[in-house]
Amino acid sequence: MAGQIIYQVDAFTNLVFSGNPAAVCLLDAPRPEGWMRSLAREMNLSETAFLLAEGDAYRLRWFTPKAEVTICGHATLASAHILYEQGILTPGQQAQFETLSGRLTAEKHGGWIALNFPARQVKQVEPPPGLLEALGVARPVFVGRYREDYLVEAADEEAVRGLSPDFSTLLKVETRGTVVTARAGGGDFDFVSRFFAPAVGVDEDPVTGSAHCALTPYWSTKLGKGAMMALQASERGGVLRVALQGERVVLEGQAVTVFKAEMFQ
């Protein structure tokens, strides 16, 4: 396994040290799951992506420091970015990934990469006990659920930006993760969000592509718009261009490589 190359990429940004960092490991052969889990813990990022060529596509798996996840936007963007940047794919080629969420694709358009992901419909539900208190959202506009995560709409952008969740309490709530969102207060963006997932070892995810699979149809319906600009208002921050296309969403973002390293073990 010595000589394995791994990259660190900041996704959903065009500036280093912002956006969401992901590790991308281009495998030259299959690796045991335990090895991938250990490397993800070693990298200690919200996600580490593992790519293995399979015919005309790549097998893509994502691991947090604690668990394998079924879908991840920023690490998919980072993976596509490396394939294009390293010349493995040309800008005119579509990147195809076989994942736990089916086949996902990415295409490079200028300085942006467009991901084609499944849309996630949000169904209104009662919040699980302790969720709103742990988040610090006193009067939510809406609470819903999509797959294993919750979506909470707060009163306004300032409420989202001002959140300071109690993570020790949030860890006890029965949820994998929660996105808190609001209509943008003005400027270039249509909506803002933040995402919290201490259950999988990520107190706050800087930029969460997968959450926008639910945010896109949710805000498309509320705002009456098919294409929107989104801001994830974490400390690092990130920008996405999103569009609803039937039962799919297109998530566009930029990415920059921070470093590459060679493993010795």
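Predicted model: local features only at pLDDT ≥ 70, side-chain atom pairs only at ≥ 80, totals over all residues.

Colleague: How many cavities of 30 Å³ or more does the count come to?

Modeller: The general idea goes like this: rolling a probe the size of a water molecule over the atoms shows where empty space is left. Here the count comes to 2 cavities of 30 Å³ or more.

Colleague: Which residues lie nearest the centre of the largest cavity?

Modeller: Glu47, Arg176, Phe195, Asp205 and Thr208, out of a lining of 18 residues. That lining divides into 8 nonpolar, 7 polar and 3 charged residues. At least two lining residues come from each of helix 2 (73–85), strand 13 (191–197) and strand 14 (202–205).

Colleague: And what lines the second largest cavity?

Modeller: Its lining includes Arg120, Arg147, Glu148, Asp149 and Arg176, along with Ser210 and Cys213. By class, the lining of the second largest cavity has 3 nonpolar, 2 polar and 5 charged residues.

Colleague: Now helix 6: how many of its residues are buried?

Modeller: An α-helix has 3.6 residues a turn, so residues three or four places apart point the same way. In helix 6 (residues 212–223), 9 of the 12 residues are buried, taking under 20% relative accessible area as the cut-off. The buried set is His212, Cys213, Ala214, Leu215, Thr216, Pro217, Tyr218, Trp219 and Ser220.

Colleague: What follows helix 6?

Modeller: Glycine 224, with a positive phi near 70°.

Technical notes:
Residues numbered from 1 in each chain as written. Heavy atoms only, no water. 1 Å grid on protein atoms, 1.4 Å probe; cavity = no way out; pocket = protein on both sides within 12 Å on 5 of 7 lines; lining within 4 Å. Points joined across faces, edges and corners; volume = space filled by probe spheres on them. Helix = DSSP H or I, 4+ residues; strand = E, 2+ residues; numbered from the N terminus. Nonpolar A, V, L, I, M, F, W, Y, C, P; charged D, E, K, R; others polar. Buried < 20%, exposed > 50% of the residue type's maximum accessible area, 1.4 Å probe, protein only.
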